[in-house]
Amino acid sequence: MEKEKSKSAKRKNSYVSKVENKYIFNVSLIFWHLFITLSALAVVVCLAIFLWSVIPASQREVEKKPYPAKKQYPEPVKVSLNDLQLDVKKEEAPPVAPEPTKTKIAATQQPVEDTKGKGDYDASLNTLKTLIPPSKYSWQGSGYWSYPYGERYWTFYKLEKYRQWNSTEAGIEDKLKSAYKISNADKYPEKKLILDGYISVVKLLSEEKRLGAIQDLISNVADNTSQNVNISTSLTKVIPKIPMQGNISYLNQLAYFGKINPSDGSLFIDYIATILDNFDASKRAEIIECLITGYNNYFGHNLSMLKEATDLFLPLVAQIKVENQTKAIMQYYVVFRNKNYARDNSIAEIENEYQQAISEIELQYNLDQIAAQQEYYSDEVSKTEYRLKSLTGIGGGILLIVLIAVVLVFFSIQRSVRKIEEKMSANGEIENRIV
């Protein structure tokens with residue numbers, strides 16, 4: 001009976017082992033392999049997310065809306081001679097005077113690309129001294145001597161420490177140095193540019209007027225080199241159109257105008273040079289003063305408005321007596337402004353609407369840029385978070401695969417041990433039967 005029970009128990013254990021080996025172990029193996037596959041997929045997905053998060057975020061490009069077209073200005077109301085209180089010429093208008101022969105101006109020597117450049121500067125200074133000889137015209141300025149210890153010390157010892165020079169007016173070279181300092185011209189090539197500009201102006205004048213001209217130029221110096229050079233270049237276009245025998249007060253007026261108007265200065269002087277031939281030569285210096293007054297007092301420092309009004313006046317000049325030309329242009333500016341008051345308001349309204357439209361476009365563009373930056377920063381933060389999560393996912397997936405691999409190895413060992421036990425059990429039964 002005990003043998004039969006033992007055999008029955010062995011058969012039962014053998015049946016359980018077969019079921020376990022054939023079904024349970026295989027099902028669990030599939031289950032663990034499925035876990036490994038899912039873990040591997042999770043690692044791949046997390047790795048892809050990590051690579052995506054490493055790529056820097058790009059900021060969205062913001063396009064600015066194009067500016068709207070400005071409305072056309074209304075046409076100016078023209079002024080006729082009947083609107084001016086003038087005596088009109090009865091005789092036929094004389095033919096336009098031929099343009100005066102222009103003096104050829106030597107090309108300005110380009111400054112040497114050498115920070116020293118003193119030799120070239122000295123050559124230009126010698127040219128100026130040739131035009132204004134120090135032997136004939138004072139370059140030293142003026143002043144007086146004082147004697148701190150009494151004049152008798154100087155008379156007896158003749159030592160410079162016993163007298164002191166008190167300058168009441170600086171000399172030409174000292175004034176030039178002051179002009180360079182104001183112009184921020186620290187290097188000799190820059191100083192030479194300014195000096196050559198002065199030379200190009202004074203050489204067009206008669207010798208007796210050159211000293212006064214250089215004094216006017218030096219006393220009206222702007223705070224940058226290019227502006228001074230541009231003013232000098234523009235002045236060379238005006239000087240040939242003014243009679244040589246007249247005074248040169250216009251030169252000081254234009255130099256001062258160019259100094260205080262960095263944007264319109266040289267353009268204004270260039271415009272004057274283009275219209276002076278329309279006026280009698282004897283009145284051109286006065287016309288320059290009238291144009292400056294018109295720019296300052298009648299057209300609100302608006303060069304385009306002055307040019308528009310003056311260009312409409314020029315065809316009338318031939319019908320105006322010479323002695324009335326300066327009076328006529330000033331009256332013309334007054335009448336023109338009065339007649340075009342409504343037009344000026346319309347232009348101001350057009351300008352305001354246009355500037356408002358531009359401001360709205362600029363505001364929207366700035367808001368879009370701020371929004372794009374916020375999106376960019378948000379993307380950067382999001383990518384940082386995904387980067388950390390993906391690293392956690394990769395680490396967790398690899399750890400899970402390792403743990404499952406350990407479990408599978410354990411099951412594989414257990415299965416191998418059972419197979420060995422079954423073989424040993426089978427061999428023992430055979431031996432028992434033989435015995």
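A residue counts as buried when its relative accessible area is under 20%, as exposed when that area is over 50%, and as partly exposed in between, using a 1.4 Å probe and protein chains only. With that in hand, here are some notes on the structure.

1. **What kind of model this is.** This is a predicted model, in which local features need pLDDT of at least 70 and side-chain atom pairs count only at pLDDT 80 or more, while totals for chains, interfaces and linings use all residues. Residues are numbered from 1 along each chain as its sequence is written, and side-chain values use heavy atoms, with hydrogens and water left out.

2. **Confidence.** The score to keep in view is pLDDT, the predictor's confidence in each residue, from 0 to 100. Its average over the protein is 80, and 80% of the residues score at least 70. Helix α1 (residues 2-54) has the lowest confidence, with a mean of 66, while α9 has the highest, at 95. Please take care with residues 90-108, where pLDDT stays under 50. For that stretch the model has 14 contacts beyond four places in sequence, a contact being heavy atoms within 4.5 Å.

3. **Overall make-up.** The protein has 13 helices and two strands. Of the 435 residues, 32% are buried. Among contacts with a separation of 6 or more, 78% are between residues 24 or more positions apart. The exposed surface comes to about 27700 Å², with carbon and sulfur atoms supplying 57% of it; the areas come from the Shrake-Rupley method with a 1.4 Å probe, and for residues only the protein chains shown count as cover.

4. **Helix α9.** Is this helix mostly covered or mostly uncovered? Helix α9, residues 265-275, is mostly covered, as eight of its eleven residues are buried. Those eight are G265, S266, F268, I269, Y271, I272, A273 and I275. Their cover includes α7 (225-238), α8 (249-260), α10 (284-298) and α11 (303-313).

5. **S234 and S266.** S234 sits in helix α7, and S266 belongs to helix α9. Why does S234 count as buried? Its relative accessible area is 2%. S266 also counts as buried, with a relative accessibility of 19%. Leaving aside residues up to four places away in sequence, S234 touches S266, I269 and D270. S234 and V201 are 33 residues apart along the chain, and their C-alpha atoms are separated by 9.3 Å.

6. **How α7 meets α8.** The axes of these two helices come within 10 Å and cross at roughly 145°. Here the axes are lines fitted to C-alpha atoms over the stretch in contact, and angles run from 0 to 180 degrees between N-to-C directions. On the α7 side the contact is made by Q227, I231, L235 and V238, and on the α8 side by Y250, L251, L254, G258 and K259. By class, that gives six nonpolar, two polar and one charged residues. Ala, Val, Leu, Ile, Met, Phe, Trp, Tyr, Cys and Pro count as nonpolar, Asp, Glu, Lys and Arg as charged, and the others, Gly among them, as polar.

7. N261 lies in the loop between α8 and α9 and is buried, at a relative accessible area of 11%. Apart from residues up to four places away in sequence, N261 touches Q227 and Y295. H301 is in the loop between α10 and α11 and is partly exposed, at a relative accessible area of 43%.

8. **Two backbone angles to look at.** H301 is not a glycine, yet it has a positive phi of about 60°. N184, also a residue other than glycine, has a positive phi near 60°. N184 lies in the loop between α4 (172-182) and α5 (188-202).

9. **K321.** This lysine is in the loop between α11 and α12 (325-339). K321 counts as partly exposed, at 29% relative accessibility. K321 and D280 are 41 residues apart in sequence, with a C-alpha to C-alpha distance of 9.5 Å.

Note on methods. Helix = DSSP H or I, 4+ residues; strand = E, 2+ residues; numbered from the N terminus.
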